[in-house]
Amino acid sequence: MAKLYFKYGAMGSSKSAQALITKFNYEEQGMSVWLIKPSVDTRDGADVIRSRIGLESHAQIITPEQDITAAYRAAGKHNVIIADEAQFFTPEQIDQLRSLVDEEDLPVLCFGLRTDFLTHFFPGACRLMELADSITEIKTICKCGRKATVNARIDGSGRIVTQGDQVMLGGNDSYVAMCHSCWKKQIREQQHGDR
């Protein structure tokens, strides 16, 4: 019985690397993988998924207006769907992935962030939390050694940003994975320093 999987973690937790390793494992068994990513993620090129450790692969781009079910059928038959940066899919697209699991008996593995830089759900991640059969946290650590759960957005001076659009693409120069305690502490210290 196929399942919808959501594997989430904070920035730097190796989500893309795990997605690409999973793709390799399926292909090594002779299975066909439909690797997809949302069009908003252009950091490494429009149709490239690249991990920080150097793994990369081309993926089919999915725009917010696109019907994933129709795109899957147009792409031909596959044994599995692997989606990177799944938090950027619309809730309707997550519903479409769920339908592919149910109607095609097709495993769908979604990798992505759960929350934004203000600890609010991304709409796609929220829908995955509601619909996924299996939800797994990919853990990483804060500089203090505790589990990192916050994707802290930072400016060029390393200060935590607490305002702005939910989506702003960036890597280690724009985001730091932190535990909630360190995140709140640094925000308080910044506020006191600004007085």
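Strands are DSSP runs of E of at least two residues, numbered from the N terminus. By that criterion, Ser134 lies in strand β8, residues 134–137. The model examined here is predicted.

Residues up to four places away aside, Ser134 touches Leu4, Tyr5 and Phe6. A separation of 55 residues along the chain divides Ser134 from Asn79, and their C-alpha atoms are 18 Å apart.

Phe6 also takes part in an aromatic pair. The structure holds three such pairs. In one of them, the ring centres of Phe6 and Tyr8 are 5.7 Å apart. Their planes stand at 35°, so the pair is tilted, since stacked pairs have planes under 30 degrees apart and edge-to-face pairs over 60.

Helix α3 spans residues 91–104 and has 14 residues. From its first C-alpha to its last, α3 reaches 20 Å, close to the 20 Å expected at 1.5 Å a residue. Buried residues in α3 are Gln93, Ile94, Gln96, Leu97, Arg98, Leu100 and Val101. In an α-helix, residues three or four places apart point the same way, because there are 3.6 residues a turn. Asp105 follows α3 and has a positive phi, near 50°.

Helix α4, residues 123–131, packs against α3. The angle between the two is about 35°, and their axes are 8 Å apart. The crossing of α3 with α4 is right-handed. On the α3 side, the contact involves Pro91, Ile94, Asp95 and Arg98. On the α4 side, Pro123, Gly124, Arg127, Leu128 and Leu131 take part. By class, the contact has five nonpolar, one polar and three charged residues.

Arg98 has a relative accessible area of 14%. Arg98 is therefore buried, the limit being under 20%. Leaving aside neighbours within four places in sequence, Arg98 is in contact with Leu4, Leu131 and Asp133.

Methods:
Residues numbered from 1 in each chain as written. Predicted model: local features only at pLDDT ≥ 70, side-chain atom pairs only at ≥ 80, totals over all residues. Heavy atoms only, no water. Helix = DSSP H or I, 4+ residues; strand = E, 2+ residues; numbered from the N terminus. Expected span 1.5 Å × (residues − 1). Buried < 20%, exposed > 50% of the residue type's maximum accessible area, 1.4 Å probe, protein only. Axes fitted to C-alpha atoms, helices over the stretch in contact; angles between N-to-C directions. Left-handed = near helix turned anticlockwise from the far one by under 90°. Contact = heavy atoms within 4.5 Å. Nonpolar A, V, L, I, M, F, W, Y, C, P; charged D, E, K, R; others polar. Phe/Tyr/Trp six-rings, centres within 6.5 Å; stacked < 30°, edge-to-face > 60°.
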